[in-house]
Amino acid sequence: MNTKDASTAQLMRQIEFLSTLSDDDVAKLAQLASVERHEAGTVLFREGDECEHLYLVVTGRVALEMCMPRRGCTRVLTVGAGEVVGFSALLGGHARAAQAIVSEDTVLIEFPAEQIQQLCDDDHDIGYALMNLVSKALLRRLVATRLQMLDVFGDSKAEGPVSS
Amino acid sequence: MIANTGNSIDPWLAKSVRIDRITSEIDGVATYDLAFCDPASAQDYRFLPGQFNMLYLPGVGEVAISVSGDPNESSRIPHTIREAGNVTRSLARMSVGDSLGLRGPFGTSWPLESCQEQNVILVAGGIGLAPLRPTICQLLADRDRYGEISLLYGGRSPDGLLYTAEYDDWIAGGIDVQFTVDRATAGWPGNVGVVTLLLERLPLPEPAATVLLTCGPEVMMWYTIQTALTRGLAGESIFVSLERHMNCAIGLCGHCQMGPEFLCKDGPVFRYDRVATIMRVDDL
Amino acid sequence: MATQTKWKERFLARENLQSLLDELMSDGFQVVGPTIDQDAIVYDEIDSVDQLPQGWTDSQEPGRYRLQRRDDDAYFGHVVGPHSWKRYFFPPLATIATADRTQDGWRHATPDDPPPRLALLGVRACELAAIGVQDRVFLEGPFVDPIYQKRRQAVFIVAVNCTLAASTCFCTSTNSGPRCQTGFDLALTEIDNGFIIEVGSAAGAGIVSRLAVEVAGADQLASGESARRAAVDQIKKRLDTENIRDLLLQNLDHPQWDDVATRCLSCTNCTMVCPTCFCSSVKEVADLSGDHVQRQREWDSCFNFDFSYMNGGVVRNSIRSRYRQWLTHKLASWHDQFDTSGCVGCGRCITWCPVGIDLTKEVAAIRATPAKQGTQAKVVS
């Protein structure tokens, strides 16, 4: 493994999210990956774009926004260290469902979509491990999204029979 | 007839207090600083972080409100109150100088002794930051006794975040303050998403030496706790503040029961492992 | 209250029962005892034995209460009715504080209500146990209720040993009767021509010393024993209390709660007649000017729909959850809270339930098919 890939692998080993992957799998992924630094304001992708990369945040913050007529673009989630942006890149054949904008200086590990899909197709073991990790991340994000929807801080100024 | 040798403190009797200052916080929320009319009562009053008082508006009723200020500041007792029912709405129409009644302090408190030498994580949601604010004051006053201290705070929207003017002071005092909103407004530069996500991302080098205190909507606290447990914190190191309707605050009226616990005297602050089972039952 | 000296039992002739009331009244006590009102035996102020339900008994079943004539003229040949003695220590309505508007703001005060001096006549063993249970609630917690305390200190108790049992009685299961053991000033056992009197305190001894009594003879004592034995023999109902606290608290999702919810009307009768239920609410009562306010505490019930109202919603939003709260509190949580059961086996809740719910049967149904042990909280990873 060359030094660039070795240092990428080392960086990946520090991320809790990837801790269940074997060293071998991390090495294979490190070969595809590149580590990039982005300034605040960089647009990683827009809604409707083809999926070109899967991103893993090392440090920093990425904002996900969705845009609507009249309302403009609303930030629906911010993603931070140890989290994934752009899940659809792993699955292939989907367009981006949100736009991702770097919100403060951020370091990302970037995996090209075609290559990571090819790796999973060729090596089902690593494919299974990645799908497992990504499913868990999606589950957490789904629960978090539902909690946002529940509006737990919603105003409760209801009239009641008992004074409070 | 046996002579009355009873307890001379009548737990039903309120003391007279005056509104000393009113601070508008966020929409529908204000902080009322109360002062005892009688200097002897002012001298005697002491509260611990997490405790609450029953505030009494004669003719309207009583309401249980956590004390939200510095426990070492005895001249004024701040209460951050959200308008929700009859009593709080009547209170919102009152002015500085008006008189009310106060009974208290009641309830259990946040376990600051258990936090010493430990890393401390405070996770608050909405108005739940108010009962934790006295703890923040204590932590800052004695910063050296504690390890890493983080405050993770979530609100509905940017204008639903409490005490924003104090965050810089807290950061300067040695607390890592992070906040997030469920719904962003245009141009919001900060975090968006539920506060549990902040906890998932927080570096936890020593989960076994970390204490977590949480206060907010029950569903938020529940998921916060599950995340904490998954990340290696012990159930005995997690503390929650639970809420039920209070009528007497002295364990005699039955209203505040949640399973076998009277929230007014066994709580409102509980160690998580004691209430884990009852928290799971929705309509208990 | 029982002194170290064992007082020998006395015998009071039947025709002298009035003198017991007279001595109590001459000491300034208002006697409260059983009397008939609205076709039931209730507790009320009396001054004559003629007001006692002589020759009457009560026939009780789930959801049914009827008075019947006895074939003798026993004064206490009945058990317990819809009233309990808790109303005299924990009044259904009481002013706990007042507030008056002055130039300098509100002035808060405790009402200066001297407690009535009551002599309770006819307190049964289950009721003595219930008073003991409420003593723990109102006197032994971190806060003492001054109203309960004053009334409790001022009272004189004449207990009566049961000589029969209703079909709804189950005090033997809760270890609270039918024999009066402690907590009384005097205890009576009615036999053919009079009463065996046991003394339970110095105050009781003082009253007895002024009555025309003689030391009870062996025959009289044997009569008393056999009369009390009849009560034990007539108790047929059982509550299986084996590990009942864990049984109920580990079965909060049992289908039996759904079943009882189809029958329960959430009418609050059981809590009103129960001698240990203590839920209450304080409300504000102001005069027309709004300058003088009374804080009034009144009985409430966990069956009331808005009892658990909070922040825009009712926590116990179904009959299922309210019935479960009542039963698990009474038979399970009470142990955690007060180190005793909340139930004294008096059976009132069974008799006065309009649909005849019998809590001994509800517990048995849960016991028959308990949930498996060891279900852990689900963790979302």
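In chain A, the loop between β3 (53-68) and β4 (72-79) holds R70(A), and the phi of R70(A) is near 75°, a positive value in a residue other than glycine. Most residues other than glycine have a negative phi, and most peptide bonds are trans. This is a predicted model, in which local features need pLDDT of at least 70 and side-chain atom pairs count only at pLDDT 80 or more, while totals for chains, interfaces and linings use all residues. Residues are numbered from 1 along each chain as its sequence is written, chains are lettered from A and ligands numbered from 1 in the order in which they are written, and side-chain values use heavy atoms, with hydrogens and water left out.

Chain A as a whole has 5 helices and 6 strands, where helices (H or I, at least four residues) and strands (E, at least two) are DSSP runs numbered from the N terminus. Read from the N terminus on, the elements of chain A follow the order α-α-β-β-β-β-β-α-β-α-α, and the C-alpha atoms of this chain fill a box of roughly 70 × 35 × 30 Å, taken along the principal axes.

Where chain A meets chain B, 30 residues of chain A are in contact with 36 residues of chain B, contact meaning heavy atoms within 4.5 Å. About 2,700 Å² is buried between chain A and chain B, and carbon and sulfur atoms give 50% of that area; buried area is the accessible area (1.4 Å probe) that two parts lose on being put together, summed over both. Side chains of opposite charge can pair when their charged atoms come close. Between chain A and chain B the count is 4 salt bridges, each being a side-chain nitrogen of Lys or Arg within 4 Å of a carboxyl oxygen of Asp or Glu. R231(B) forms a salt bridge with E16(A), with the closest N and O atoms 2.9 Å apart, and the side chains of E200(B) and R140(A) meet in a salt bridge at 3.1 Å, N to O. The latter pair crosses between chains, from helix α6 (residues 195-201) of chain B, which holds E200(B), to helix α5 (residues 124-150) of chain A, which holds R140(A).

Chain B also meets chain C, in a contact that takes 51 residues from chain B and 55 residues from chain C. Here the two chains bury about 4,500 Å² between them, 56% of it on carbon and sulfur atoms. On the side of chain B, W12(B), L252(B) and D283(B) lose the most area to chain C, together 16% of what that side buries. Across this interface of chain B and chain C the rule finds 3 salt bridges, and D283(B) takes part in a salt bridge with R324(C), at 2.9 Å from N to O. Over all chains, a search of the whole structure finds 43 salt bridges.

The bond from G104(B) to P105(B) is cis, with omega near 0°, and P105(B) lies in strand β6 (residues 99-106) of chain B. The bond from G267(B) to P268(B) is cis as well, with omega near 10°, and P268(B) has its place in the loop between β14 (261-262) and β15 (269-271) of chain B.
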